[in-house]
Each structure stands twice: as C-alpha cells, then as structure tokens.
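This report goes through a protein model with attention to one helix and what surrounds it. The sequence and structure come next.

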Amino acid sequence: MKYRQNREIAWRAIEGEAVLFDTAQGMMRQLNPLATELWERLEHEHTPSELVAFVVERYDVPEDRARADVEAFLAALSERRLVEAVQATPRHLRRGRSK
C-alpha cells in the first residue's frame, strides 16, 4: 500500500511548517517540521517503509522509533482524509513497460 496527499487539500509551507486547509470540512491543521517533510514527500506516492527509511536516514533515529512515528502520522492524516491510500500498480501493468 502506498500513500499520497489528498489532492483536494490546499497547503502552504510557512517557516518550515505546513499548514493544511481542508475547505470541504472547514478544517485547518498545522504540521511540525518532521510531519511537514513527510507531507512534502507525499506529493508523490510512497510506502510506509520508504517514509521510515527517509526518517531513519534524515534524523538518525532507530528504525522502530521511525516506524512508530510514521505509522502514527499516516493514521492521523488518513483518519482526517488528508492523505489517501493507493494500491501499488504491479510493474507489468504500468504504462510503457513490458512483462
């Protein structure tokens, strides 16, 4: 399973922190610097494992700590419909690729 930003959410980075605007729900949410970095990466689809690897490398934290943080981040944003879970397309079905 991969995740990406919900395309209907408007956002802007202000002094290193993202502010998300969900006009459909009338909600605004501010993200801390780490969450902002994860949010920015989710402009493109990423698996939780890819996000964990990014956090481990960027912040030099143990993998189990990074995994817990990423899972909490994705769960919180998924619950609020700020990120979307997308099914990964099998390699052989991707456009322009042969089996």
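Glu-37 is placed in helix 1; helices here are DSSP runs of H or I with at least four residues, strands are runs of E with at least two, and both are numbered from the N terminus. Glu-37 has 16% relative accessibility and therefore counts as buried. Buried means under 20% relative accessible area, exposed means over 50%, and partly exposed is in between, with a 1.4 Å probe and protein chains only. With neighbours within four places in sequence left aside, Glu-37 is in contact with Phe-54, Arg-58 and Tyr-59, where contact means heavy atoms within 4.5 Å.

## Basis of the model

The model is predicted: local features need pLDDT of at least 70 and side-chain atom pairs count only at pLDDT 80 or more, while totals for chains, interfaces and linings use all residues. Residues are numbered from 1 along each chain as its sequence is written, and side-chain values use heavy atoms, with hydrogens and water left out.

## Overall make-up

Three helices and five strands make up the elements of the protein. Read from the N terminus, their order is β-β-β-β-α-α-α-β. Of the 99 residues, 31% count as buried. Among contacts between residues at least 6 apart in sequence, 53% join residues at least 24 apart.

The accessible surface comes to about 6,900 Å², and 46% of this belongs to carbon and sulfur atoms. The areas come from the Shrake-Rupley method with a 1.4 Å probe; for residues, only the protein chains shown count as cover.

## Helix 1 and its cover

Helix 1 spans residues 33–41, and its buried residues are Ala-35, Thr-36, Glu-37, Leu-38 and Trp-39. The cover over these buried residues includes strand 1 (2–5), strand 2 (10–14), strand 3 (17–22), helix 2 (48–59), helix 3 (63–79) and strand 5 (83–86). At the start of helix 1, a side-chain oxygen of Asn-32 comes to within 3.1 Å of the backbone nitrogen of Leu-34.

From helix 3, Phe-73 is in contact with Ala-35, Leu-38, Trp-39 and Leu-42, its neighbours within four places in sequence being left aside. Phe-73 counts as buried because its relative accessibility is 9%. Phe-73 and Leu-38 are 35 residues apart along the chain, and 8.6 Å separates their C-alpha atoms.

## Aromatic rings and charges

How many aromatic pairs are there? The count comes to one, under a rule by which rings of Phe, Tyr and Trp (its six-membered ring) pair if their centres lie within 6.5 Å; planes under 30 degrees apart are stacked, over 60 edge-to-face, and the rest tilted. The pair is Trp-11 with Trp-39, edge-to-face, at 6.1 Å centre to centre and 90° between the planes. Trp-11 belongs to strand 2 and Trp-39 to helix 1, so the pair ties together parts 28 residues apart in sequence. Trp-39 is buried at 0% relative accessibility, whereas Trp-11 is partly exposed at 27%.

Arg-41 lies over the face of Phe-54, 4.3 Å from the ring centre. Arg-58 lies over the face of Tyr-59, at 5.5 Å from the ring centre. A charge sits over a ring if NZ of Lys or CZ of Arg is within 6 Å of the ring centre and within 35 degrees of the ring normal.

Ile-14 stands opposite Glu-17 of strand 3. Two residues lie between the strands of this hairpin, and Glu-15 takes a positive phi near 50°.

Conventions. Polar contact = N/O pair within 3.5 Å; in protein donor to acceptor, adjacent residues only side chain to side chain. Pairing = 2+ DSSP bridges.
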